[in-house]
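Here is a short report for a reader meeting this structure for the first time. Please keep the sequence and the model in view as you read.

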Amino acid sequence: MNSTKAQKKLHPTVKWNLVLLELLTAILFILFMIPFGMVVLNSAKTSKEIIFNAIALPSNWNQLAINVSLIFNNPTVDYLGAFVDSILITFFSLLVIALFSSMCAWVLVRNKTIWSTILFMIFVSAMVIPFQVLMYPLVRWMRISGDFLHFRLLGTIPGIVFAYLGFGSPLSIFIFHGFIKSIPYELEEAATIDGCSRGRTFFTIVFPLLQPIIVTVLILNGIWIWNDYLLPLLVLGSNGIVQTIPIAVTAFAGAYLKQWDLILTSTLIAMLPLIILYLFAQRYIIKGMVEGSIK
Amino acid sequence: MKQSRLVNVLFVAPCVFAFTMVIIIPFFFGLYFSMTDWNGVNNAVNFVGFKNFQSLFSSPDFLYSFLITIAYTIINIVFVNIVSFSLSLMVTSKLRRRNFYRAGFFVPYLIGGIVLGYIWQFILNNILVDFGNILSIKILQTSFLSLPHTVIWTMAAVNTWQYAGYIMLIYVASIQSIPASLMEAANVDGANYITRVFHILIPMMANAFTISLFLTLTTSFKQFDMNLTLTNGGPATRFLDVPVKASQLLAMNIFNTATANRMAEAQAKAVVLFFVLLVISLIQVSANKKKEVEM
C-alpha cells in the first residue's frame, strides 16, 4: 500500500494519463454514437427540413410521432405486418433451433459411434460454405420439393423457419456439443438406473443444465435472424405476403427515393427492438457473443 | 437398447433433415449448376463443363470485383483490428466508466447491414456534405461515396464502426484471462505502458488475434448487405478499358449476375468464392493445429 502511494507521488503524470484516456475514450464514444443521434434527430423532421438542414435540431418533436404513424399506415409497404412477421419468424426459428440442435448435439456426444463423429464433422465443415453458393439452387430445390410434398416452403413462415433451422443448426450444434461434453455422464447414468427412459433423461436432466448455453445460442441466432436480408428475400420474395423488417426497409427506400424522413424513421423502428433488448440483457448478450466467437 | 436407438434417430432427425434439405442438397446442385447453361428462365439445363469458369477469369467485371474484394478485406482487417484493440485497452483500463463504454461500443453490431447501409448513406451524403458547406471545407463537400478511389475506404470505415465493438469483446476476454500480476510485475520493474503492451499483452493474446483475423477475413469476403444499401456498387469507374462498378464486391457481383438471369455464371462465381473461403479455413485449421502442438 505504502509503495504504491510513493509511486504515485513520484509519478504525478499517471493521473494526467488517466484524464487524457478518459477524454479520448469519451470522444470516441461520442463518435460511435453520432449515427444513432442523427437517425433520431432526422426521424423527427419533415423531408423539407432534412434537405434544408440535416444537422439542426428538429423544430417540432411531434413530427417523430407523425413519421412513425406514416410508416405504420403506409399504403404501399405493410410495415406493421412485416414487423409482426419478423417477430414470429425470429421466435419460431429460435425455438426450433434451440430445441432440435440441443437434442441432436446430445445424441452426437453421448452415442459414441463412428456415425456420430462423421455427422458432427459434416455439420462443422458445412460452416465454410458461403450462402452465395446455396441461395439460387435452394430456391429451385424448395420449389421442387414443396410441390412434391404438397407443402408450400416458399413464401410461408413454416418454410422460412425450416430454412433457418437448417442454416442455424451447424453452429448451434457445435456450441451445444462443446458444452454437453463438459456435463458429467454420471448424472444421466443415475437417472437411467432409476428407470428414466432415454428421452426423458434428456428433457428432465440434461436440458435444464443447458440453460446458460441456450442463452448464447439464442443471442447468436437471434441477432442474425432479425437482421438477415438475403434468405428472406429469396424464400419470401420482395412482394410476398410474408415480409420481414429488412425487406420492408428496402421497400421504403425503393418506393420513396431519398425521402429520408420516412427511410430513417423506418430504420429507427427496425433497430429499436434489439437495442431495447440489449439495454435489459446486456450482460448475457456480451457473454453470449464472446462464447460464440471463441468456440 | 432398441428403444434407445429409436430415440437417437428421432433426436437427430429434425436437424439432419433440415440441414440436408437447405445445405447439402443445394450445395451439390450448386456445384452442378455452375457447369451448366442454367439461365433461370428455362427449367431445362444442359451440362457445359468448365466453360463458365474459363470465361470468368477473362471477364474484367469479375476480376475487378475479385481484386477490390481483396483490397477491401485487407483494409478492413487493418482498420477493424487496430480500432478494436485500442478500444479493448481503453475498456480494460482503470477508467471508472469502462463497463459503460464497453457496452456502448458494441451497440453498432446489433444493427443489421441493410439498416446500417441506409443510415451511413444518409450521414455520408447529407450530414457530412452539409458540414462541409457550412464550414466551407472542400473535401467534405463531395460525398466520399461518389468517388471511385474513396468509396472502398469509406466502406471499410463503416464496417469498422459496426464490427470493432464485437472484435473488442474478443480482445477484452483475452486480456482479462491474462493474470494481472504479470503486468504489475513488469510495472514494478519499470517497464512503461507501451513496452508492457507490446512485450507482454500482445504476445499473450496471440490466440485472440488469430480468431479475430479469420473472423474479419471471412466476413469481409462475404460482405453483401451493407454494400447493397450503402453504395449499391456505385460509382462507375473503368478497369481494363471496360466500365465497372467501383464498389461492387464479390457477393454483390454474384447477386447482380443472377438478377440479370445469368444464373450459371453467378453460380460459377459463387463456387470460386467457396473455394477461396475453403482455402482460408484450411489455413486457419492448420494454424490452430500448430498452436496446439506448441502448447
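## A helix pair in chain A

In this predicted model, helix H8 of chain A, residues 157-181, packs against helix H11 of chain A, residues 211-227. The angle between them is about 150°. Their axes lie 10 Å apart. An angle over 145 degrees counts as roughly antiparallel, so H8(A) and H11(A) are roughly antiparallel to each other. The crossing of H8(A) past H11(A) is right-handed.

Which residues make the contact? From H8(A) come A:Tyr164, A:Gly168, A:Leu171, A:Ser172, A:Ile175, A:Phe176 and A:Phe179. H11(A) brings A:Ile213, A:Thr216, A:Val217, A:Leu220, A:Asn221 and A:Ile225. In this contact of H8(A) with H11(A), 9 residues are nonpolar and 4 are polar. No charged residues take part.

## Two domains in chain A

Chain A is assigned two domains: domain 1 covers 2-63, and domain 2 covers 79-294. Taken over C-alpha atoms, the centres of these domains of chain A are 36 Å apart.

The two domains of chain A do touch: 8 residues of domain 1 are in contact with 7 residues of domain 2. On the domain 1 side, helix H2 (13-43) and helix H3 (47-52) of chain A each supply at least two residues. H2(A) gives the largest share of that side, 4 residues. By class, the domain 1 side that touches domain 2 of chain A has 3 nonpolar, 4 polar and 1 charged.

## Where chain A meets chain B

How many residues of each chain are in contact? Chain A has 65 and chain B has 68. On the chain A side, several helices each supply at least two residues, among them H2, H8 and H11. Others include helix H5 (79-110), helix H7 (131-149) and helix H10 (198-209) of chain A.

Which helix gives the most to this side of chain A? H14(A) does, with 15 residues. The side of chain A that touches chain B divides into 49 nonpolar, 14 polar and 2 charged residues.

## A helix pair in chain B

Chain B has a packed pair too: helix H4 (residues 98-110) and helix H7 (residues 148-176) of chain B. The angle here is about 130°, and the axes are 6 Å apart. That angle makes H4(B) oblique to H7(B). H4(B) and H7(B) cross in a left-handed way.

The H4(B) residues in this contact are B:Arg102, B:Phe105, B:Phe106, B:Val107, B:Pro108 and B:Tyr109. They meet H7(B) residues including B:Trp161, B:Tyr163, B:Gly165, B:Met168 and B:Val172. Across the contact of H4(B) with H7(B), 12 residues are nonpolar, 2 are polar and 1 is charged.

## A covered helix in chain B

Helix H12 of chain B, residues 250-259, is mostly covered. Of its 10 residues, 8 are buried. The buried residues in H12(B) are B:Leu250, B:Ala251, B:Met252, B:Asn253, B:Ile254, B:Phe255, B:Thr257 and B:Ala258. After H12(B) comes B:Asn261, with a positive phi near 65°.

## A loop glycine in chain B

B:Gly49 sits in the loop between helix H1 (2-33) and helix H2 (51-56) of chain B. Is B:Gly49 buried or exposed? B:Gly49 has 9 other C-beta atoms within 10 Å. A residue with 12 or fewer counts as exposed, so B:Gly49 is exposed. B:Tyr32 lies 17 residues from B:Gly49 in sequence. In space, the two are 9.3 Å apart, C-alpha to C-alpha.

Methods
Residues numbered from 1 in each chain as written. Chains lettered and ligands numbered in written order. Predicted model: local features only at pLDDT ≥ 70, side-chain atom pairs only at ≥ 80, totals over all residues. Domains from an automatic or database assignment. Nonpolar A, V, L, I, M, F, W, Y, C, P; charged D, E, K, R; others polar. Axes fitted to C-alpha atoms, helices over the stretch in contact; angles between N-to-C directions. Parallel < 35°, antiparallel > 145°, perpendicular 65-115°, else oblique. Left-handed = near helix turned anticlockwise from the far one by under 90°. Buried ≥ 20, exposed ≤ 12 C-beta atoms within 10 Å, placed from the backbone.
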